[in-house]
Amino acid sequence: MHLEVSNPKLSPTNPPRRLLLGPGPQNAHPRVHSAMALPQVGHMDPGFMFIMEETKSLLKYVWQTSNRFTIPVSGTGSAAWEAAIANLTEPGDVHLICVNGYFGERALDMHSRYGAVIRKISKPDGEVFALDDIRAGIQEHKPKLVWLCHAETSTGTLQPMDGVGDLCRENNCLLLLDTVTSICGSPIYLDKWKIDAAYAGGQKCMGCPPGVSCLSFNDRAISKLEKRNSPVASWYLDLTMIKKYLDVPTGAVRTYHHTAPISMIYAMRESLQLVSEEGLEAAWARHKDVASLLYKKLSEMEGFEMHVKDQAIRNPALTTVRVPTDVPPDQLIKYVREKYEIEIGGGLGSLKDKIIRIGLMGYNARPDNVLLVIAAIKEAVDAIRGKTTTV
Ligand SMILES: Cc1ncc(COP(=O)(O)O)c(C=O)c1O
């Protein structure tokens, strides 16, 4: 037999060993990697369904919700986001998108692809929305759905949520919240805040490798789904079908929809188990304390400025920093990666080449990592300025 494509004959997979202190993913706890190596079972196996149900209960805990429909989604945070949009949008629905960074800009595109009529309100990068801004937007545009980003990863803000849920209920619209960079790192109370639908990724403060995400719908969101006039525009993410696999009464038959990513569910369960062992409030407090140490160290460095001035609206898990004008961010990032195997992030969207982003999330949210990254950044600055470096 003649092969048309020759064997590339490579060596075993050998990625670099990096300390991931950027906007995500983060390094997962060794126990999470061990969980991924556990034996494979089939996606219909009762043993796997048991693990799936445990994962769902842990997701409810970290989101502080009793929403029955709280599930892992195959794929990264964008898949869970797209699932929320696909299932909650009928062509012609008005969506009010609150844009204060790159992910808000992306929402305009994603939601419009599912037929939503897009209306937006905006805030400059590094600012958050006041309740009055959102109220004015709702009154002007009368949306069926409001999309809000709890933690805008491009700018480092954390959106205050007081009153937003009530506002949406008073105006009969759904509230969809992006919690990708806040889940497990900052307080989230889906039920108390009256969030109708939320999604998150696993690879940030949850401490899971990328590849699985999660979604939660309350009764209002489920009712929108059940009353749809048009079919869900995505087959893969159609929750009316996925429900028959993931959300059936105890003992009822489950119907195959797509093969669940078994090892990724093990990883998500173990990441959430670690949060549960630590305690959710303790995990939130740890992210906050580690961020305070980072702020203190940065404040001692000349020319480094916090991009988000008001500490009350900073996401502790992700800090955005303006660096001295004679230090190009890309050179700084390259230096700490090449010399110390540490990944930090650059700016995204309008902040490209203007800031660096330091993530201290999940397993990586530890004081030793703050001291390490600060030392590496200081050395990079000296090296870029042509001063002697100490190693
Ligand atoms: C706020 C926010 N939303 C959505 C996403 C998309 O998630 P993913 O890259 O996991 O698909 C990200 C990713 O960083 C994010 O930060």
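Reader: Into which domains is the protein divided?

Author: This is a predicted model, in which local features need pLDDT of at least 70, side-chain atom pairs count only at pLDDT 80 or more, and totals for chains, interfaces and linings use all residues. Residues are numbered from 1 along each chain as its sequence is written. Domain bounds come from an automatic or database domain assignment. The protein is divided into domain 1 (30–276) and domain 2 (280–384).

Reader: How many residues does the contact take from each domain?

Author: Two residues are in contact if their C-beta atoms, placed from the backbone, lie within 7 Å. By this criterion, domain 1 gives 27 residues and domain 2 gives 22 residues.

Reader: Which helix gives the most to the shell around the ligand?

Author: The ligand is surrounded by 14 residues, the closest being T76, G77, S78, T153 and V180; a residue is near a molecule if its C-beta atom, placed from the backbone, lies within 6 Å of it. Helices (H or I, at least four residues) and strands (E, at least two) are DSSP runs, numbered from the N terminus. With 3 residues, the one that gives the most to this shell is helix 3 (residues 77–88).

Reader: Which residue stands opposite G345?

Author: Strand 14 runs antiparallel to strand 15 (residues 355–359), and 2 bridges join them. In strand 15, the residue opposite G345 is R357.

Methods
Two strands pair if DSSP finds at least two bridges between them.
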